[in-house]
Amino acid sequence: MLSGFKDFITRGNVIDLAVGMIVGTAFTAVVTALVDSILMPAISMLVGSPTFDEFFVFGQIKVGVFLTAVVNFLLVAAALYFCIVMPINKFNERRAAKLELEEEVEEEDPQVALLKEIRDALTVK
């Protein structure tokens, strides 16, 4: 019973997930700092208010609070995309192209080529 649990815990998927969660949690501070310290102040210079909380207040209905949450979500998503996803995709494309070039450059072993010729000659007859 314990060996099965050990196998489950040490399987690559669980470890990868744990590392991803830890890195994601640490990266949250970076994205929050970017949004709170750079992007929202830039928007507040344009709009005149650091948040939209006071826009469209109708008694207990505060549409501005929802609008602030939507803008924050879009800013976080844009920051993640442009700072993390897009550069990693470019890196992966370059790496894949480099690996393809290296595979094309590799020449076939002469012994393997000779064996293929012999095989082809035997299958034709």
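Arg119 counts as partly exposed, at 47% relative accessibility, where partly exposed lies between buried, under 20% relative accessible area, and exposed, over 50%, judged with a 1.4 Å probe and protein chains only. Arg119 forms a salt bridge with Asp120, and the closest N and O atoms of the two are 3.3 Å apart; a salt bridge here is a side-chain nitrogen of Lys or Arg within 4 Å of a carboxyl oxygen of Asp or Glu. Asp120 is likewise partly exposed, with a relative accessible area of 39%, and the structure holds one salt bridge.

The model is a predicted one, in which local features need pLDDT of at least 70 and side-chain atom pairs count only at pLDDT 80 or more, while totals for chains, interfaces and linings use all residues. Residues are numbered from 1 along each chain as its sequence is written, and side-chain values use heavy atoms, with hydrogens and water left out.

Turning to the overall layout, the protein has four helices and two strands, which follow the pattern α-α-β-β-α-α when read along the sequence; these elements are DSSP runs numbered from the N terminus, helices being H or I runs of at least four residues and strands being E runs of at least two. Of the 125 residues, 9% count as buried. Among the contacts (heavy atoms within 4.5 Å) between residues at least 6 apart in sequence, 37% join residues at least 24 apart.

The largest nonpolar core consists of six residues, namely Val31, Val35, Met40, Phe52, Val71 and Leu75. The elements that give two or more residues to this core are helix H2 (12–47) and helix H3 (63–105), and H2 gives the most, with three residues. Such a core is a set of buried Ala, Val, Leu, Ile, Met, Phe, Trp, Tyr and Cys residues joined through side-chain atoms within 4.5 Å. Leaving aside residues up to four places away in sequence, Val71 touches Met40, Ile43 and Phe52.

Leu46, Val47, Phe55, Phe56, Phe58, Ile61, Val63 and Leu67 make a nonpolar surface patch of about 780 Å², to which H2 and H3 are the elements that give two or more residues. Ile61, one of the patch residues, has its place in strand S2 (residues 61–62) and is exposed, with a relative accessible area of 53%.

A search of the whole structure finds one aromatic pair, formed by Tyr81 and Phe82, which is edge-to-face, with 5.0 Å centre to centre and 80 degrees between the planes. Rings of Phe, Tyr and Trp (its six-membered ring) pair if their centres lie within 6.5 Å, and planes under 30 degrees apart count as stacked, over 60 as edge-to-face and the rest as tilted. Tyr81 is partly exposed, with a relative accessible area of 41%.

Key
Patch = residues over 30% accessible without salt bridge, like charges linked within 9 Å, V, L, I, M, F, W, Y side chains within 5 Å. Areas by Shrake-Rupley, 256 points an atom, 1.4 Å probe, with all protein chains shown as cover.
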